[in-house]
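Hi,

Here is the structure I promised to send over.

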Amino acid sequence: CVSFPSPECRDLIGSGRDRKPNALVQVAVIDPREQFLVSHACTEIVEGSRDPLFLTGVTFPPEYPASPETLVKLTVYDVRDKARDNVSKPLSVSFLGSATFSVSDLLRSKDDQLTLNLRSSDGVLAVGTVLVSRVNMGEMEEGDMDHITADVQQAQKCTLVCESSQGTPNDKDNSPLTSAVFKNPVCKVYKFQTVDSKWMLVREQMEECTLSFSIPRQLLHLYIQEDMRRIQELSDLGELSPHWDNLRKEVIARYGQVIAVYQETLAELNKITGPSFKPSCSKAQRYLEFIPINLHTQRMRVTCPRQTDAFYDVITVGAPAAHFQGFKGGGLQRLLSRHEAEKKSTAYQCIYYSPEHTAKAQEVLHSVGHLQPLISGLADQLLQAAQQHSMAGLREALKTLAGKTEQFVHALKDELVKSALLALHAAHQRGQQGQSQPQNPDSPMVNQDSIPCHKEYDEEEWDRVWADVAKSLNCVIAMVDKLQEQEPININQEQPIPKQVLADVITSHNPEGDWREQLCPLLVRLKECVAEVVVRARRAMTFVLLQEAACSIPQGLFLKQRRDVVFSQALAALACGFVMRLYAGMEDKGFLRQLHLVGLVAQFESLLSTYSEEIGMLEDMEVGISDLHRVVFKITQAKTDDPCDLQPLVIGRRDHYTVEVPLPRLAFQTLPHEIKEGKALQVYPVLFNVGINEQQTIADRFGDISLQERINQRNFEILDSYYKSLRDKVPSECNFQTQMDLKDLLGTLGQNVVTKKRKNVEILWLAGTICRRLNGIRFTSCKSAKDRTSMSVTLEQCALLRDEHQLNKDYFIRALDCMRREGCRIENVQKNIKCRKYAFNMLQLMAFPKIYRPPEGTYGKVDS
Ligand SMILES: O=P(O)(O)O[C@H]1[C@H](O)[C@@H](O)[C@H](O)[C@H](O)[C@@H]1OP(=O)(O)O
């Protein structure tokens with residue numbers, strides 16, 4: 001990988017007599033085998049200078065097929081009219097001169113520097129020179145950049161600096177591990193001056209992520225499985241009263257429709273090959289609705305003399321929202337609370353099950369499904385130990401069996417199960433009596449049929465059934481104790497008793513037969529009791545879910561689908577951020593400790609306005625981000641180092657997902673044992689929103705901004721409590737100074753979220769800074785993560801250069817403009833809409849806080 005940060009030109013002869021040119025250098029590559037010219041990069045424009053020094057450089061991403069024979073052509077233009085706000089008007093430029101060199105020329109050059117004559121179009125006249133320098137990222141010594149430019153006075157000189165990551169020992173950006181998940185890198189390099197007139201090298205790398213598609217595909221598969229299971233459970237409810245039976249049929253039919261739609265979507269997604277991101281213009285495409293919009297990672301790497309390189313990562317993604325379904329009635333947050341209120345209202349004469357109740361019902365279903373086979377397996381293990389006459393084996397298996405059985409009893413000892421059983425009993429009774437029920441679809445759940453109150457139902461029965469489980473476990477424990485008492489005491493525990501002696505002991509001390517025989521009936525009984533409880537609990541909980549589904553058809557299922565869509569987008573982004581953060585922190589012991597002891601903050605910055613359709617997007621996003629707290633991560637050891645085996649895997653159900661992240665064996669071995677043993681790693685999602693565009697101006701003046709205020713206040717509390725638990729659980733990660741800084745920052749953020757101030761972007765800056773200090777995962781979002789997001793990401797990068805790397809203040813705006821004009825973000829725009837213009841018009845920009853406005857000539861609306 002060869003790259004050269006920032007060219008420098010000297011003695012340029014402008015196109016007008018005394019006019020100093022506004023120079024820009026276009027870099028094209030000629031592959032000797034292909035023999036055609038491919039435009040590769042472009043510098044920013046340096047105005048009115050014969051000796052321009054460009055801050056934007058050239059780099060070839062690792063996958064780029066550059067060889068020593070590759071020729072690089074530099075063409076210098078004079079820009080006549082750079083003030084363009086209209087995309088259709090081309091940039092008015094005149095050719096000044098060009099020069100060509102090969103990659104090997106640069107690699108062999110003395111001091112890693114080439115000085116080339118710029119030739120006029122006929123190749124005869126020298127119209128100035130261009131200097132090209134090569135620098136390795138991460139290997140810069142004091143003085144390394146000196147040759148690039150002599151002093152501050154010459155800051156207008158034009159050097160093309162090239163970066164080379166050749167031979168970098170630990171290239172975190174481009175290891176085989178990262179390239180399994182991150183694809184199609186776009187790289188840019190710059191050099192900027194520090195306050196003490198030194199130079200820093202800055203490298204941006206933006207990539208797509210395979211998880212954009214793989215997480216939604218896996219989720220769709222899990223959604224389908226879960227809904228199929230639900231249908232099966234509903235069918236297993238057996239005979240019901242005609243009223244409930246009709247409702248069940250209706251619910252099953254609706255589930256069937258959802259499954260069919262999801263299967264169709266999955267089939268379409270499976271056909272897709274090509275780029276690993278969904279462009280902004282496809283945001284409302286039906287088959288792509290589960291895919292996050294324009295998901296990319298971006299890493300800024302900073303190399304300063306005599307310092308280890310610093311990395312700053314951010315994930316950019318369009319707000320997780322259901323664009324295909326639209327925002328007419330608002331987004332999830334509003335739709336869900338309206339729906340809950342309607343369900344509660346007396347219009348439906350059925351039992352109201354709150355979201356907590358339905359979550360509980362699902363949890364019980366999950367627990368029984370998970371624990372029953374476990375208990376049964378442990379019982380078999382116990383029998384095996386009995387057969388082998390192993391007291392240690394017996395004790396061991398019994399301990400686990402007792403633990404799991406207690407867990408089982410605890411999960412089921414719930415009032416909800418009891419009351420649901422009563423309701424189900426009534427529904428069965430009516431079914432058996434064959435009573436006809438109201439068939440009017442407008443009043444499906446009227447009067448006594450929906451609220452069971454059956455006199456003959458034995459309310460104690462359920463208590464007896466699950467108490468039987470505990471009793472039969474006690475019998476098993478007592479029997480094992482008894483067997484132990486009968487066991488001869490072996491004084492020397494280390495010495496195994498010889499086989500013959502053992503046989504004598506068994507026959508003499510165990511008159512009632514062998515251990516297995518004595519335990520077997522008790523364990524069979526335990527299994528029967530567990531099975532009895534499972535059948536009842538499963539049906540009771542399924543009935544709760546049936547009632548809930550029946551109450552909410554069709555709106556409840558639409559909302560479920562909407563939530564599935566939004567969650568899928570949010571999870572894809574989170575998984576991408578988690579993987580990026582993990583890969584970057586694998587050698588950082590403190591970070592790994594924090595990861596397994598507390599978990600990570602995932603901080604989402606959003607720039608949506610609280611006006612018109614974007615309110616709906618924000619309402620979707622709020623629920624999508626908050627739903628991420630139901631996700632945990634686990635690190636596993638990959639079967640092989642093959643890229644296919646390094647893809648994260650999602651398991652679980654709507655209420656709880658686990659994302660397993662495989663690591664190659666060697667990397668896995670270095671992790672703390674807690675992580676290696678599969679500890680669930682938590683994430684704490686937080687969302688902060690500040691609208692910045694013209695729509696927000698209207699909202700601020702005439703609209704309602706309570707949504708934004710509420711989100712920011714609530715999420716501040718989550719962030720604050722995360723900080724407190726980190727401080728308490730991993731004090732080593734929070735030394736005194738960090739603690740004081742974080743306390744101050746949180747204090748200021750706390751004040752800002754309650755202060756009434758329009759477009760208070762400080763909230764975003766503070767939240768971002770706090771997240772970075774907390775080793776968290778940073779996300780930036782707007783509608784499509786293309787325009788406003790680009791302004792914010794570039795601003796954040798320059799602010800980091802200023803605050804953490806002493807960027808010279810005279811270079812702040814230049815650096816910002818360079819990144820916005822020629823950096824990765826304009827490439828992001830190009831990838832999305834095939835045009836290098838941020839989609840802003842003048843009116844919109846006037847409404848932006850100044851620092852969010854892109855440089856002239858880089859914006860304009862494209863007619864779609
Ligand atoms: O990336 P965004 O900022 O969401 O892009 C907006 C842009 O800010 C706005 O000016 C323009 O009118 C479009 O709405 C852009 O959204 P698209 O989703 O159409 O790219």
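Predicted model: local features only at pLDDT ≥ 70, side-chain atom pairs only at ≥ 80, totals over all residues.

Let's begin with V829. You'll find V829 in helix 23, which runs over residues 824-833. Is V829 buried or exposed? Its relative accessibility is 0%, and buried means under 20%, so V829 counts as buried. What does V829 touch, if we skip the neighbours within four places in sequence? The contacts are K786, D787, K834, C835, K837 and Y838. There's also S790: V829 and S790 are 39 residues apart along the sequence, yet their C-alpha atoms are 8.7 Å apart in space.

Now for the ligand. The residues around the ligand are K283, C782, K783, S784, A785, K786, D787, R788, A839, F840, Q844 and K861. Sorted by class, that shell has six charged, four nonpolar and two polar residues.

- S784: an N or O atom in the side chain is 2.8 Å from a ligand oxygen.
- K786: a polar backbone atom is 3.0 Å from an oxygen of the ligand.
- K783: an N or O atom in the side chain is 3.2 Å from an oxygen of the ligand.

How much of the ligand's accessible area does the protein cover? On its own the ligand has 430 Å² of accessible area, and the protein covers 82% of that.

Cheers

Definitions and conventions:
Residues numbered from 1 in each chain as written. Heavy atoms only, no water. Helix = DSSP H or I, 4+ residues; strand = E, 2+ residues; numbered from the N terminus. Buried < 20%, exposed > 50% of the residue type's maximum accessible area, 1.4 Å probe, protein only. Contact = heavy atoms within 4.5 Å. Near = heavy atom within 4 Å. Polar contact = N/O pair within 3.5 Å; in protein donor to acceptor, adjacent residues only side chain to side chain. Areas by Shrake-Rupley, 256 points an atom, 1.4 Å probe, with all protein chains shown as cover. Nonpolar A, V, L, I, M, F, W, Y, C, P; charged D, E, K, R; others polar.
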